[in-house]
Amino acid sequence: MKVIAIMGSPHKGKGFEIVRKIEAELSRLDSVEFSYVFLKDADLKLCRGCFACIGKGEQLCPLKDDKNSIEAEILSADGVILSTPGYAMNVSALMKNFIDRFAHSLHRPKFFNQFLMLVANGGSGLSKVNASMGMTLGGSNKVCELKITTTPWETTKSYEERVQNDIEKAADRLYRSMKNKKLASPSLGNLIWFRMFKKMASLSEQNLPADYEYYRTKTNYFYPTRVNPIKNGVAGIIANMGVATMKKQVEFK
């Protein structure tokens with residue numbers, strides 16, 4: 001069982017302490033290979049916003065750095081922990097660049113075998129921080145998240161005990177998900193996501209050739225699974241309405 005932690009802090013501070021506690025709890029539950037990627041040390045260049053990865057394929061990104069090796073590590077892991085401090089009610093700059101560099105996976109999800117834990121620490125707005133990280137690795141299965149207050153003030157003993165309890169519960173959820181390795185049945189939201197992207201891709205062979213090829217051979221969902229016919233029908237209606245609205249704004253090619 002393998003877990004990788006992507007660390008978005010510019011230093012080893014409170015977030016690192018929290019993830020080390022998660023590591024210790026997972027190790028208590030089972031033999032777990034645990035590794036870290038510290039974005040502050042990684043060669044992950046600033047996204048240029050050229051759209052090549054989304055439109056034509058991630059292999060055509062002009063930046064040559066550690067991105068591919070980081071992606072390979074993630075794909076080889078059973079569990080992924082995304083950790084960042086909250087800055088101005090959002091992720092750190094390091095984590096935001098990580099999100100941008102993996103934006104292609106929101107168009108063409110691939111992290112279906114990875115179970116995800118989100119860890120945000122800091123002051124207010126931690127729900128927003130986790131919401132941003134939750135839209136990072138397309139296809140991954142979010143099983144738990146932690147929002148832990150870390151401020152210049154000393155925490156109370158009761159809050160420390162509560163945090164430790166939350167860490168133990170989150171680690172247990174991640175562990176059980178990795179051990180069971182069961183892909184969740186598609187939710188209505190994910191079905192809408194799939195149907196909208198498939199519809200847009202079918203109309204975008206010229207503008208989004210990578211999406212066109214990705215969705216061309218897919219039928220009911222991203223991967224073979226049983227799809228609730230009622231949910232599928234509702235998702236199809238909503239997706240068609242969404243694409244019809246977009247057609248009033250853009251010309252698909």
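User: Taking contact as heavy atoms within 4.5 Å, which strands does helix H3 lie across?
Analyst: Helix H3 (residues 67-76) lies across strand S1 (2-7), S2 and S3. Helices (H or I, at least four residues) and strands (E, at least two) are DSSP runs, numbered from the N terminus. This is a predicted model, where local features need pLDDT of at least 70 and side-chain atom pairs count only at pLDDT 80 or more, while totals for chains, interfaces and linings use all residues. Residues are numbered from 1 along each chain as its sequence is written, and side-chain values use heavy atoms, leaving out hydrogens and water.

User: At what angle does H3 run to S1?
Analyst: About 140 degrees. Axes are lines fitted to C-alpha atoms, for helices over the stretch in contact, and angles run from 0 to 180 degrees between N-to-C directions.

User: What is the strand order in the sheet?
Analyst: S2-S1-S3-S4-S5, in an open sheet of five strands with parallel pairing. Two strands pair if DSSP finds at least two bridges between them. The edge strands, each pairing on one side only, are S2 (33-38) and S5 (141-149).

User: How many bridges join S3 to S4?
Analyst: Seven, between residues 79-85 of S3 and residues 115-122 of S4. Ser-83 stands opposite Val-119 in S4. Helix H6 (residues 126-133) also packs on the sheet, where H6 touches S3, S4 and S5.

User: Switching to His-104. Is it buried or exposed?
Analyst: His-104 has 1% relative accessibility, so it counts as buried; buried means under 20% relative accessible area, exposed over 50%, and partly exposed in between, with a 1.4 Å probe and protein chains only. His-104 lies in helix H5 (residues 104-107).

User: What does its side chain make a polar contact with?
Analyst: The side chain of Lys-67, at 2.7 Å. A polar contact is a pair of N or O atoms within 3.5 Å; within protein, one must be able to donate a hydrogen and the other to accept it, and residues adjacent in sequence count only if both atoms are side-chain atoms.

User: Now H10. Which of its residues are buried?
Analyst: Asn-232, Ala-235, Gly-236, Ala-239, Gly-242 and Val-243. These buried residues pack against helix H8 (188-202).

User: Why do they line one face of H10?
Analyst: Seen down the axis of H10, they fall within an arc of 135 degrees, so they line one face. The arc is that of the directions from the helix axis to the C-beta atoms.

User: Which exposed residues sit on the face turned away?
Analyst: Ile-230, Ile-237 and Met-241.

Notes
Contact means heavy atoms within 4.5 Å.
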